[in-house]
Amino acid sequence: LDLDSAKSQGLVGEQPNGYLGVVKATPDAVALAADINAKRRAAYEAIARKNGATLDQVAILAGQKAIEKTAPGTYVKTPDGQWIKK
Amino acid sequence: MASRPAFVRRKSRWLIALALLPLWLLLAAAVAAYAYGLRARGLGWQDGPVLTQWRWLQDDGCVQAQGESLRITRWRPLTVDAPSMTLFACKPVAAVPTAPPWTPPFDLSIGALSAPGLPPMAVAIRQREQRWQARARHQRSEAVAVYDRMSGRWSAQGRIQAGDIAPGFVGALTFTGKGSWRGNRLDGAFRAQGRQLGHGKLARRTGATFEAGVAAGRWRLLATLDAPLALGDGWSLEASQALHASGDPGGVTALSLDLRAAGPQGSVRLSLDTEGTGVARGQGMLTLAGPGLAGTVPLRWNRQALDLLPATLTLPEGLSLSWPRPLALPLAPSGESSISAELRHGELRLKSVDSLLSWQQARWHWQGRLELTGRTAGHALSGAWQGRIDAAGPAGEPARLTVSGTDLLLSLHLPVAGLRAPHWPVHARFSGRYRGAPLSGTLSARHERGRWEGVVEGSVRSPLHSRGGTVSVSARWHGRETQWFLASGSRATVAEGLIGDVLLKPVVVSAVTPLRLTPTGASGTLRLDTDGAVAARWGLPAVTGQVAIAGRQGRARLRVPAWQTELALTATRVGSGRKTGAEGTLEIATPLSAAMSRGLGVTLQQGRLEGQGRWQWRDELRLQGDVSVSGLALDWGSIRASGGKGRVHIERRDDGLSLSSNGPVTLAELQVGTLLRDVRMTVQSDLSTWHFTDVQAGVLGGRLEAAALQWPSLRYQPVTISRIDLAEVAALQNDPEPTVRLAGRVGGVLPLRLTKDSLALQGGRLSHEGPLLLKVRPSAGVGAIKDSHHTAGLALNALSELAIHDLQARLDMSPDGWLDAAVTIKGQNPQQGSLPVILNYTHRENVLELLRSLRIGDEISRRIMERKPVDGSR
Amino acid sequence: CTPRVALEAPKEPITINLNVKIDHEIRLKVEKDVEQLISQDSALF
């Protein structure tokens, strides 16, 4: 299961906090989200260190950009925590 | 068929005259036979007349005998061959059979004669000159009887192998007898000698003697057993006195015996007596005694039957047997009796419904339906079985049993084939629901070495998991009476599955010691191995440990090897049924590491956490405990803290969690771009609102203090700073050759507004604490301004050096970090004849970005020192 | 940075008004790095 097929199957979606969220819990979806979020966190931490920002600031910024960039028809979480299709 | 016409009996002489003509002979034989009660169907010819089916009726129509393919193979002498013949006991039995009439010489051979009370025998009867000779054989037993019709005398002898009539037994019985038989008066005496009688597998053998006499139909029997007869399975039979019985063709009229069987479970004594001579009635007693047996059964016998009056018997393994109505056992070598009895064990009842016991000498079988009801271990049991039991064991449909309790509903399917003493092996299949989740599996059991043991394999879909998580159990169990165990090595495996959004990796719980099962719970030591859990934002590595449980108490020592975390838990189960809860203590000791920080916005670099507390669980977790952290270093990306230390009291109640520091929480260093040192405060929080009190920190060479701060809050909360060293403030320009140099201390009050993700300052006041010094160094940039702009040059000259006696500053900072400072400085320039100068200086800068840029500078220097690549991945 | 200087007639003491504004342009850097991360690493986004 890779990210694109997981998103197209509506299993995972982008969240404002910059991390991948599980929309429909399946073992593969949870494992994929866990793996991707760990790698995203490391990347955010590196950017934060390089730019004197904090991890959360970078993550939130990445969250906005990821929501803008993700394919239409996939799930995104609204600020008040609802999953909607973009 | 009407009763036999009288004239036939008187005409027998006329019949003999016809015998000389073969055709007439055949016809006469047929008429005589018919008159004599013979009915036949299917006359055929196979080198001699053949009756494919024949029956011999008594006057009242009762079938005395029947058989197939009776064949006459020779005429002189008449030779008849009957492959099979069955004799029936026609009512009334009372009359003694009359002696055989005159018949022509003949030979009759019967392949298989089955007679009531006797096993099927091969019989050959020869009659010459009115001397009857009969030879009967059954397997290896044989008997010969001779009867001379003229003298009326008969004699018989034979040898019966015990194994032929009672499987598994050995030894032989030889008998002789003689007497007279005239008309329907039968007299005679028998003597039988039993030698080497015993059970095949056992060495013990014994002898027995039987004496019987018949006079005018009245018979009597005397039997003695020389020594105890081995019966197998450690049981033996002994007769303390001889057995006396007498009776007439109608049945038993007198009976007295005293038999005692003794075995490992105890002894069973049967004694019977007669109420008076010739009364054909009597009582007796069946008494059970010994470690596993108890109870007495009053008996009554009469001519036809032995009645067992209602009684209750105690049997081994806590069983008790009782029957409400008398059980009637016909006193006949073969017969049947409908018995209804009840077997009880604790609160369990096994009742027999329309059950029939029938027997043919030593061969018995029971047929009927058993019903089980009752309760055990808090569960209701009900079951039924329909089938047949004989010496070889039960046969029939599998038995059905349902077990139902508050959480469990189970139906078991027990095949009975193969259920045999001494091990009674059972292989049952069960299915049902446990707390709504489907459950199925197999259970095997056998009785071995004085206890029950077996294997249970089962799987149930865990009610907690939304997907996967099947729990499969494989356990060897054993036990007896009230002591039941799961053997060490028994294990339960929870397959990987989802609980909500958490993927729980496989969990294996295995018994390290045998697990004793008691009504209040199990006790023993278990080993727990899990591969941890995975969630979108956090992960738990493998957890292993040991759990010791004792009924309602439990203790666990768990380790997370990857994090070197040690966890010790104690638990006590409280309450019961739906209101079951638990409470106990908890101790945790762990180093803090980055690996633990995946789900956090902060990365724990190092540190040590120790905590202990009490917890309670009653459909909601409550916790009270103390946590102490030391040597803590962590960072929020670029903001870093180190030398963290503190003790915190934590309470988790239904309405949320509360946290309060116990004594000051301290940080040696907090690098936000500029260094905060020796940060101290006490903390109070419910994780959404934080209350800090007597906050102190060293900053820019001075001190920062706040009596109380709340975050987040929209209020402006005063923070006092004092003895701030202007030289360090100037150093914030981060310029190796700074154009402006400052010296001296300032202090004041900064009202701060701390919202969730921003910091604002309104109406901050700073003023000098003692004399200050300002120097503007002539640098290229400054020189250029002086030349091109006269007034500017004048001003800069004035500022070249300023001894300040008064500084008043007003500071405001917007939430996005833009600082507006308005500073009024009064001083004089010592180089210019202490020219008095008033400097109105305004400064606008984004402090948050300033601090960020300082962190970048700091980050690069830190990385150079630690030789880490710029974008090292975590 | 561009300092603006105004001079008043010298009463007895000289009064100097000095207004300094410092600008840091490091905000854009973070966004650039984030943009690059998202566009480049298709396995993560």
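User: Is D164(B) buried or exposed?
Analyst: This is a predicted model, where local features need pLDDT of at least 70 and side-chain atom pairs count only at pLDDT 80 or more, while totals for chains, interfaces and linings use all residues. Residues are numbered from 1 along each chain as its sequence is written, chains are lettered from A and ligands numbered from 1 in the order written, and side-chain values use heavy atoms, leaving out hydrogens and water. Buried means under 20% relative accessible area, exposed over 50%, and partly exposed in between (1.4 Å probe, protein chains only). D164(B) has 5% relative accessibility, so the call is buried.

User: Which residue has its side chain joined to that of D164(B) by a polar contact of 2.6 Å?
Analyst: A polar contact is a pair of N or O atoms within 3.5 Å; within protein, one must be able to donate a hydrogen and the other to accept it, and residues adjacent in sequence count only if both atoms are side-chain atoms. D164(B) sits in helix α4 (residues 162–165) of chain B, helices (H or I, at least four residues) and strands (E, at least two) being DSSP runs numbered from the N terminus. The backbone nitrogen of R140(B) is 2.9 Å from a polar atom of the D164(B) side chain. The side-chain partner at 2.6 Å is S141(B).

User: Leaving aside neighbours within four places in sequence, what is D164(B) in contact with?
Analyst: Contact here means heavy atoms within 4.5 Å. With sequence neighbours within four places set aside, the list for D164(B) is H138(B), Q139(B), R140(B), S141(B) and R363(B).

User: How many salt bridges cross between chain B and chain A?
Analyst: The contact takes 33 residues from chain B and 26 residues from chain A. Together the two chains bury about 2300 Å², 56% of it on carbon and sulfur atoms; buried area is the accessible area (1.4 Å probe) that two parts lose on being put together, summed over both. For salt bridges the rule wants a side-chain nitrogen of Lys or Arg within 4 Å of a carboxyl oxygen of Asp or Glu. Across this interface the count is 1.

User: Which element of chain B gives the most to the side that touches chain A?
Analyst: There are 14 residue pairs in polar contact across the interface of chain B and chain A, both residues at pLDDT 80 or more. On chain B, β50 (603–617) and α8 each supply at least two residues of the side touching chain A. The top contributor, with 6 residues, is α8(B).

User: Which residue of chain A forms a salt bridge with D635(B)?
Analyst: Side chains of opposite charge can pair when their charged atoms come close. The closest N and O atoms of D635(B) and its partner R49(A) are 2.8 Å apart. This pair crosses between chains, from strand β51 (residues 621–635) of chain B to helix α2 (residues 27–51) of chain A. Both D635(B) and R49(A) are buried, and R41(A) and E45(A) belong to the salt-bridge network that links D635(B) and R49(A); the partner asked for is R49(A).

User: How many salt bridges cross between chain B and chain C?
Analyst: Here the contact takes 25 residues from chain B and 19 residues from chain C. Chain B and chain C bury about 2100 Å² between them, with 65% on carbon and sulfur atoms. The rule does find 12 residue pairs in polar contact, both at pLDDT 80 or more. The salt-bridge count is 0.

User: Which strand of chain C pairs with β63(B)?
Analyst: Chain C has 1 helix and 2 strands, in the order β-β-α along the sequence. Two strands pair if DSSP finds at least two bridges between them. With β63(B) the pairing is parallel and runs over 9 bridges, I14(C) being the bridge partner of V837(B). The strand is β2(C), residues 14–22.

User: Is R449(B), the salt-bridge partner of E453(B), buried or exposed?
Analyst: The closest N and O atoms of E453(B) and R449(B) are 3.5 Å apart. E453(B) has a relative accessible area of 15%, so that end is buried. R449(B) has a relative accessible area of 64%, which means exposed.
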